[in-house]
Amino acid sequence: MNTSKVYFTNLRTTPTSNLLDKMERLVKKAGIGTIPLKDNFVAIKIHFGEPGNLAYIRPNYAARMANLLRSFGAKPFLTDCNTLYSGQRANAVDHLQSAMENGFNPISAQCQVIIADGLKGTDCKEIPLKNGEYCKAPKIGTAIADADVIISMNHFKGHEQTGFGGALKNLGMGCASVGGKLELHSASQPRINIDNCKSCNICVKHCAHDAVHLNVNRKAEIDYEKCIGCGQCVALCQYDAAVMGDEDTSERLNYKIAEYSLAVVKGKPHFHVSFIMNVSPECDCWNHNDAAIVPDLGILASFDPVALDKACADLVIQAPILHSGNRLSDKHEQDDLCGCDKFHLMHPDTDWLAGLKHAEKIGLGTMDYELIRV
């Protein structure tokens with residue numbers, strides 16, 4: 001595979017060139033205008049931020065991106081999928097309210113905001129993968145699956161399960177429906193806790209593979225010869241009767257995220273922008289963000305999400321840590337940690353490189369890149 005180009009701009013500004021101008025200049029230089037955009041639906045995949053967490057990408061950047069895409073004749077919309085956990089983004093009503101609170105609305109972002117997997121996270125399409133080793137048909141939110149072009153805007157930061165969150169995390173996990181997220185998080189088929197089953201029949205009604213039925217005692221029962229482990233029943237059960245199996249390792253989770261990312265962009269033009277700002281130790285899905293571990297470094301753009309993630313990781317690894325009180329400086333007061341894998345130091349049980357290697361293996365992109373400064 002050829003070396004991919006990753007474009008980078010720092011965060012220095014002048015009275016005639018602010019950060020929004022620099023981002024627009026960066027993505028134009030990286031070739032966003034070469035994508036067939038006219039009259040096409042363009043999904044701008046972005047994390048709207050869990051209320052209380054202030055590390056997410058500012059909506060100003062999303063608005064500038066939407067306006068730029070519209071200038072090329074595109075029909076852009078901001079989008080994300082619902083979450084597994086019971087926070088403030090687990091359904092479309094709460095999710096849209098959270099997005100609005102954080103500044104993502106049709107007025108400020110200057111385009112429509114759509115929750116890709118619908119009201120309860122069940123609106124999805126299965127995208128078959130010939131080379132999927134772990135996920136044969138990832139379940140992608142319908143609005144994203146139906147889009148003509150995918151643009152990801154990624155906040156690059158640490159992550160407690162994957163090491164870091166960047167383009168692949170935003171694509172693979174972020175574009176998965178609720179059932180897809182369960183598939184990503186679970187290595188085995190779901191099971192039924194009989195004592196909790198209320199015979200409501202919702203798992204039976206919504207199983208796409210006719211794998212769940214009520215037995216003679218009116219309790220849910222899974223036919224494992226039909227069950228594909230999609231987790232839809234777990235997502236819908238309100239009584240903790242349908243539950244997940246054993247959790248994945250970090251490596252396996254990263255492998256699955258890579259395959260979901262491939263499904264998201266399969267057969268479509270795609271382009272990716274990452275922001276190395278407010279590099280918090282953990283995911284934006286928490287309702288808080290801990291102090292940043294390194295200085296704000298810049299904005300990067302590429303057609304290759306694998307190369308983009310590798311370039312971001314390398315820049316953070318090479319950067320000194322901040323000594324203003326954070327998770328790393330608390331333990332490394334006398335060290336700048338330049339050249340150290342800060343993600344592994346924060347989360348020793350994770351292996352972010354495994355995901356990039358698998359993404360490269362399945363043809364999503366390459367870790368070989370040329371960094372071009374704009």
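Me: Hi! How much of the chain is made of buried residues?
Reply: Hello! Of the 374 residues in the chain, 56% are buried. Keep in mind that this is a predicted model.

Me: Thanks. What about helices and strands, how many does the chain have?
Reply: There are 12 helices and 16 strands in the chain.

Me: And the overall dimensions, what box do the C-alpha atoms fill?
Reply: Along the principal axes, the box is roughly 75 × 55 × 40 Å. The radius of gyration is 21 Å, which agrees with the value near 21 Å for a compact globule of 374 residues.

Me: What share of contacts comes from residues 24 or more positions apart?
Reply: Taking contacts in the chain with a separation of 6 or more, 75% are between residues 24 or more positions apart.

Me: Let's go inside. How many residues are in the largest nonpolar core?
Reply: That core has 58 residues. Among those with the most contacts inside it are Ile 140, Phe 156, Val 264 and Phe 343.

Me: Which elements give two or more residues to this core?
Reply: Strand S1 (4-9) does, and the helices that do are H4 (142-145), H5 (167-173), H9 (250-265), H10 (305-318), H11 (342-346) and H12 (352-361). There is also a second, separate core of 39 residues, which includes Met 65, Cys 111, Ile 115 and Phe 275.

Me: You mentioned Ile 140. What is Ile 140 in contact with, leaving aside neighbours within four places in sequence?
Reply: The contacts of Ile 140 include Asp 123, Ile 127, Cys 175, Tyr 260 and Val 264.

Me: OK, Ala 116 then. Where does Ala 116 lie, and is Ala 116 buried or exposed?
Reply: Ala 116 lies in the loop between strand S4 (112-115) and S5. Its relative accessible area is 2%, so Ala 116 counts as buried. Beyond its neighbours within four places in sequence, Ala 116 is in contact with residues including Thr 79, Cys 81, Asp 123 and Ile 144.

Me: Back to helix H5. Is Asn 170 there buried or exposed?
Reply: Asn 170 sits in helix H5, and Asn 170 is buried because its relative accessible area is 9%, under the 20% cut-off. Not counting residues up to four places away in sequence, Asn 170 touches Lys 45, Ile 46, His 47, Ser 152, Met 153, Asn 154 and Cys 175.

Me: How many residues of helix H6 are buried?
Reply: In helix H6 (residues 178-185), 8 of its 8 residues are buried. Among them are Lys 181, Glu 183 and His 185.

Me: New topic: how many salt bridges does the structure hold?
Reply: It holds 12 salt bridges. One of them joins Asp 21 and Arg 64, with the closest N and O atoms 3.2 Å apart. That pair links distant parts of the chain, with Asp 21 in helix H1 (residues 19-30) and Arg 64 in helix H2 (residues 59-71), 43 residues apart.

Me: Which residues are linked with Asp 21 in a network of salt bridges?
Reply: Glu 24, Lys 28 and Arg 64 are linked with Asp 21 in that network. Asp 21 has 24% relative accessibility, so it counts as partly exposed.

Me: What does Lys 361 meet in a salt bridge?
Reply: The side chain of Lys 361 meets that of Glu 133, at 2.8 Å from N to O. Lys 361 is in helix H12, while Glu 133 is in the loop between strand S5 (124-126) and strand S6 (139-141), 228 residues apart. Lys 361 is exposed, at a relative accessible area of 58%, and Glu 133 is partly exposed, at 39%.

Me: Last one: how many disulfides does the structure hold?
Reply: It holds 0 disulfides. Take Cys 203: the nearest cysteine sulfur belongs to Cys 200 and is 6.1 Å away. Cys 203 is buried, with a relative accessible area of 11%, and Cys 135 is buried too, at 0%.

Note on methods:
Residues are numbered from 1 along each chain as its sequence is written. This is a predicted model: local features need pLDDT of at least 70, side-chain atom pairs count only at pLDDT 80 or more; totals for chains, interfaces and linings use all residues. Side-chain values use heavy atoms; hydrogens and water are left out. A nonpolar core is a set of buried Ala, Val, Leu, Ile, Met, Phe, Trp, Tyr and Cys residues joined through side-chain atoms within 4.5 Å. Buried means under 20% relative accessible area, exposed over 50%, partly exposed in between (1.4 Å probe, protein chains only). Helices (H or I, at least four residues) and strands (E, at least two) are DSSP runs, numbered from the N terminus. Contact means heavy atoms within 4.5 Å. A salt bridge is a side-chain nitrogen of Lys or Arg within 4 Å of a carboxyl oxygen of Asp or Glu. The radius of gyration is taken over C-alpha atoms; the globule rule is 2.2 Å times the number of residues to the power 0.38. A disulfide is a pair of cysteine sulfur atoms within 2.5 Å.
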